Amino acid sequence: MTDSSPDVNVLLVDDLQENLVALEALIRQPGRRIFSARSGEQALSLMIEHPFALAILDVQMPSMNGFELAELMRGTERTRNIPIVFVSAAGRELNYAFRGYESGAVDFLHKPLDPIAVRSKVNVFVELFRQRQELQAAKADLQRAVSMRDDFMSMIAHELRNPLNSVYLQAQLRRRMLSAAIPPDPQKMLSMVERDERQIRSMVRLLDDMLDVSRARTGRLAMVPAPFDLAQSAREVVDAIRDQAANDAITITLAAPESLPLVGDEFRVEQVITNLLTNALRYGQGKPVAVTVGLREQEPEAFVSVRDQGMGIAAEDQERIFEQFERAEGTNDVPGLGLGLYIARQIAQAHQGRLEVRSAHGEGAEFVLSLPLTARQAA
């Protein structure tokens, strides 16, 4: 049993208070909650409110005896599977045990009770109850994993279908153009090829995201630390994305020092900056995006900030969006798998750094990547 395991409930039912006190003293242990009832009616009320690993019932009680209580328990869904142990002071010649087993008992004890036998039996039922709880939790986890896998495959199929359809339609259009009597316009063909390249890059990125998620889960996210210039890397990422932003009439500004030396995996850091900048274009509602690279000398650490002026992220969503397949509310119509921020944070943590968001709903969002000047791969 771990310290985090919840207490297991055991129910004692006897009309005599002194019997309840003695039995409770006998079986009480850390990790158990002992409930006592002095009548069948009170016992049923407790069983409706709490789950029990075991019910120990005295046979001879006024109003409702132990056998009658057991029959009522077996007739109710919530109490049907609670193991029952009967206790009786009557002689064995009355054959109460036979009737007890007919009523659904799993064991029968005769008074005076053997303390060692009682403790052993209770320990067995408590441990069985814990094992059932663990199996139920494992089953629930498995069902969630299967559901997540199905959702993931559906998202992958949806996200890959669009670029594949586009490439296929472009191929059909080129076939018709080549079959026509008039030679195709080279500029138009070049434009079509560029569209194909964008769609193919989109599909490659989806596949890379899936591979990175798998590596992050197993702790094998590849890192190759080496000296590089963070300011120059940010400039190259911004230059590569500026054309895409210009097509959507979005302005990207960059404020960075001439040079900012850093030790880390340049490819992975550029992957994070690219992801943050791409998200800013997606969710920034067509407004300008600002990228800032700087140095916090007191830490000492470098940072990259990407700020948009979009819808913003509500406080309750600001940690959730860094989980797998998660997005902020109101963004389900934007393309993507909801993996980018998860991977980006894994990369930041592998550098002993941080990836944080500062935002309020309706006021845009700022994502800040913070990296120590000598980044080390996490163990």
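The report below takes these topics in turn.

This is a predicted model, in which local features need pLDDT of at least 70, side-chain atom pairs count only at pLDDT 80 or more, and totals for chains, interfaces and linings use all residues. Residues are numbered from 1 along each chain as its sequence is written, and side-chain values use heavy atoms, without hydrogens or water.

**Aromatic pairs**

The whole structure holds three aromatic pairs. Rings of Phe, Tyr and Trp (its six-membered ring) pair if their centres lie within 6.5 Å; planes under 30 degrees apart are stacked, over 60 edge-to-face, and the rest tilted. Two of the pairs are tabulated.

| Pair | Centre to centre | Angle between planes | Class |
|---|---|---|---|
| Phe35 and Phe52 | 5.3 Å | 85 degrees | edge-to-face |
| Phe322 and Phe367 | 6.2 Å | 70 degrees | edge-to-face |

Phe35 lies in strand β2 (residues 32-37), and Phe52 in the loop between α2 (40-49) and β3 (54-58). The pair links distant parts of the chain, 17 residues apart. Helices (H or I, at least four residues) and strands (E, at least two) are DSSP runs, numbered from the N terminus. Both Phe35 and Phe52 are buried. Buried means under 20% relative accessible area, exposed over 50%, and partly exposed in between (1.4 Å probe, protein chains only).

Phe322 sits in the loop between β10 (301-307) and α9 (340-350), Phe367 in strand β12 (residues 365-372), so their pair ties together parts 45 residues apart in sequence. Phe322 and Phe367 are both buried.

**Pocket and cavity**

On a 1 Å grid over the protein atoms alone, a cavity is a set of points where a 1.4 Å probe fits but cannot get out; a pocket is an open set with protein on both sides within 12 Å along at least five of seven lines; lining residues have an atom within 4 Å of a point. Grid points are joined across faces, edges and corners, and a volume is the space filled by probe spheres set on the points.

The second largest pocket holds about 290 Å³. Its lining includes Met47, Phe52, Arg78, Phe129 and Arg132. Helix α5 (residues 115-179) gives the most to this lining, with four residues. By class, the lining of the second largest pocket has six nonpolar, four polar and two charged residues. Ala, Val, Leu, Ile, Met, Phe, Trp, Tyr, Cys and Pro count as nonpolar, Asp, Glu, Lys and Arg as charged, and the others, Gly among them, as polar.

One cavity reaches 30 Å³ or more. The largest cavity is lined by Leu54, Ile56, Val85, Leu109, Val118, Lys121 and Val122. β3 and α5 each give two or more residues to this lining.

**Helix α2**

In α2, Gly40, Ala43, Leu46 and Met47 are buried. They fall within an arc of 120 degrees seen down the axis, so they line one face of the helix. The arc is that of the directions from the helix axis to the C-beta atoms. On the other side of α2, Ile48 and Glu49 are exposed.

**Positive phi**

Most residues other than glycine have a negative phi. Gln285 has phi near 55 degrees and lies in the loop between α8 (266-283) and β9 (289-296). Gln352 has a positive phi of about 60 degrees. Gln352 is in the loop between α9 and β11 (354-359).
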